[in-house]
Amino acid sequence: MISLNRSSFLSNSGVNGSGINAQRQTRRPLAYVRIVASRSNQDQKGRATSERSSGVLVESTLKEMKDHTPSTPVGVDPDCAVGGGVKDVYGEDRATEDQLVTPWTVSVASGYSLLRDPHHNKGLAFSEKERDAHYLRGLLPPTVVSHDLQVKKMMHNIRQYQVPLQKYMAMMDLQEMNERLFYKLLMENVEELLPVVYTPTVGEACQKYGSIFRRPQGLFISLKEKGRILEVLKNWPERNIQVIVVTDGERILGLGDLGCQGMGIPVGKLSLYTALGGVRPSACLPVTIDVGTNNEKLLNDEFYIGLRQRRATGQEYAELLHEFMTAVKQNYGEKVLIQFEDFANHNAFDLLEKYGTTHLVFNDDIQGTASVVLAGLVAAQKLVGGTLADHRFLFLGAGEAGTGIAELIALEMSKQTGVPLEETRKNIWLVDSKGLIVSSRKESLQHFKKPWAHEHEPVKELVDAIKSIKPTVLIGTSGVGKTFTKEVVETVAALNKKPIILALSNPTSQSECTAEEAYTWSQGRAIFASGSPFAPVEYGGKVYVPGQANNAYIFPGLGLGLIMSGAIRVHDDMLLAASEALAAQVTQEIYDKGLIFPPFANIRKISAHIAANVAAKAYELGLATRLPQPDDLVKYAESCMYSPAYRHYR
């Protein structure tokens, strides 16, 4: 990267202000630039040497270009470009497609380029003094506006869009133009904008990612980069990475294999790490591992941006992932959090098991979903009475989410009662595509389903399983919409005064039932929560506000807790600690509305408490490396959080 710094140019070229004016009048071409090394691991001495020699390098390069430029035709001003204007210093206008040119990237710390740097751009919020100091006069309209007024204006503009995907694209454009305004907007309007930057809209964005793709927002690592992944990681401009969200795009939400276009998920997740958990944007890295796709529609789509081949599997896949995990640890250290996102079942469990003992890893689909659902169930006990051990749980769906939730519920029950884990699992039943998981099916089951194969006669249909098991809690993680039919809801409602019904599949189109269906078919008695947001429902003269069991309650606070404690591994007890902290944030006022989750308007406060609980558990387990432990972990968490307030520039 070539960086032109106005002050260093003046000092190095030995001209004063009047000299600059003289240069502008004679339109002398710039012949000296300062090159900044793009690798942060160079020492200061090496950098200085590079900078001292770079001026000579570029100067000689420009001279060489000039020497090889064809002679100027008769009657053409040699100082003019082909289309008029200043002299073509780099030779690009005179080059043909067969000639090589150098793609110089010139960036400055002020002026026009400052307005195009999303990390530092403030738009119309630049003060009069800043406009003078940073050569912005004339590049902006004369009005100076406040940060708050910018937020008001952007919300007004976004609300004009009727199509959710248009709102998503407007938010992504803002993030690429003015980072701090983006996060302030999202933080102050989180309940309205969360469905825009994340589920359900992000699902449609991933489906159409090839068409709406404008500029890279993360790292794309494909099979083409095998053997060079460490080198690719070093191409990312930020060095102090604390959180990586990585997907291979094989199971995006409930939409299936979207291949390379799954990048929308890591980008969205990391936006929430910053907005909801306070992790610095520069410390976040979205990654998509592209090993191909089995989606025929994408393979035949001319706008598809990924590898046009069927998915790599077996040893080839394992070697690429292992190289990635090794390179991440080598480049960013032991304490970088790697969050696996939307991997298919056959890879997700294996990756978590393989790297859980060597890296700081976390699978949001298995562990994050489990933690947030457990928090909702713990909170729900105040509405239905009793403890978790008093309930019988029935799941529709036995993949990552279903088995992950089931295991964490069993762990919490074991912790509360002192009963062995093998016994508490017997209160939990799962139904997959072949029916109730029972011991007679054990030999044909995938390994992660086997702990849930209990003694029972085979049952094919969900409604028959409900009649037989008599669950008090019905949880949907199937990824298949409309599977909680009227008969299913009415059956579970007939068995319970206050049935707990959680339709968790995303996006909205894949939800097992809607909020309106759950409340109507249960005659207003259901305690309902979903994975995607639903509007309030009026039934029997009463308004019901459905809760959302959104992973965004958990993973930002969990990540912050791991970072601020310097944890080196994720332990199950940390997930339980996160669940307990979230459940503790549900007040009586919230219970009175029939909700089992707190409002997202308070999410930063909630995340601070979750982070404190997770950090405390890390210190207790001896997995924390940032010593000594702070006295007040909640206050410490709040002090660590990123603020989107504008900085004042000299």
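Arg116 sits over the face of Tyr112, 3.8 Å from the ring centre. A second residue with a charge placed like this is Lys122, which lies over the face of Tyr649 at 4.8 Å from the ring centre. Please keep in mind as you look around that this is a predicted model.

**Confidence and overall make-up**

How far can you trust what you see? The average pLDDT of the protein is 87, and 84% of the residues score at least 70. Residues 1-84 are the stretch to treat with care: pLDDT stays under 50 there, and the model has 90 contacts beyond four places in sequence for these residues.

The protein has 26 helices and 17 strands. Of its 650 residues, 53% count as buried. Taking contacts between residues at least 6 apart in sequence, 70% join residues at least 24 apart. The protein exposes about 29,600 Å², and carbon and sulfur atoms supply 51% of that area.

**The nonpolar cores**

The largest nonpolar core has 124 residues, and those with the most contacts inside it are Tyr168, Leu377, Ile409 and Ile428. Helix H25 (residues 603-621) gives this core its largest share, 10 residues. Another core, of 36 residues, lies apart from it, and includes Leu219, Leu233, Val291 and Ala327.

Beyond its neighbours within four places in sequence, Leu377 is in contact with Leu388, Phe393, Ile409, Val473, Ile475, Ile500 and Leu502. Ile409, one of these partners, is itself among the residues with the most contacts inside the core.

**Rings that pair up**

How many aromatic pairs does a search of the whole structure find? The search finds 13.

| Pair | Centre to centre | Angle between planes |
|---|---|---|
| Phe349 and Phe448 | 4.2 Å | 10° |
| Tyr519 and Tyr544 | 4.8 Å | 25° |

Phe349 is in helix H15 (residues 345-355) while Phe448 is in the loop between S11 and H19, so their pairing ties together parts that are 99 residues apart in sequence. Phe349 and Phe448 are both buried.

The tyrosine pair also bridges separate elements. Because Tyr519 lies in helix H21 (residues 515-521) and Tyr544 in strand S16 (residues 542-544), this pair ties together parts that are 25 residues apart in sequence. Tyr519 and Tyr544 are buried as well. Ring pairs also link Tyr519 and Tyr544 with Phe528 and Phe534 in a cluster.

Is Lys449 buried or exposed? With a relative accessible area of 12%, Lys449 is buried, since the cut-off for buried is under 20%. Leaving aside neighbours within four places in sequence, Lys449 is in contact with Ala398, Asp432 and Ile437.

**A mostly covered helix**

Helix H7 (residues 179-188) is mostly covered, with eight of its 10 residues buried. Which residues of H7 are buried? They are Glu179, Arg180, Leu181, Phe182, Tyr183, Lys184, Leu185 and Leu186. The elements covering them include helix H5 (147-158), helix H6 (164-177), helix H8 (190-197) and helix H12 (264-277).

Gln330 belongs to helix H14 (residues 314-332). Why does Gln330 count as exposed? Its relative accessible area is 57%, and the cut-off for exposed is over 50%. The C-alpha atoms of Gln330 and Leu230 are separated by 8.0 Å, although the two residues are 100 residues apart along the chain.

Pro598, by contrast, counts as buried, at 3% relative accessibility. Pro598 is found in the loop between helix H24 (588-592) and H25. The C-alpha atoms of Pro598 and Gly547, which are 51 residues apart along the chain, are separated by 8.3 Å. Beyond neighbours within four places in sequence, the contacts of Pro598 are Tyr553, Leu582, Gln585, Val586, Ile590 and Ile606.

Methods. Residues numbered from 1 in each chain as written. Predicted model: local features only at pLDDT ≥ 70, side-chain atom pairs only at ≥ 80, totals over all residues. Heavy atoms only, no water. Buried < 20%, exposed > 50% of the residue type's maximum accessible area, 1.4 Å probe, protein only. Contact = heavy atoms within 4.5 Å. pLDDT = per-residue confidence, 0-100. Core = buried A, V, L, I, M, F, W, Y, C linked by side-chain atoms within 4.5 Å. Helix = DSSP H or I, 4+ residues; strand = E, 2+ residues; numbered from the N terminus. Phe/Tyr/Trp six-rings, centres within 6.5 Å; stacked < 30°, edge-to-face > 60°. Lys NZ or Arg CZ within 6 Å of the ring centre and 35° of its normal. Areas by Shrake-Rupley, 256 points an atom, 1.4 Å probe, with all protein chains shown as cover.
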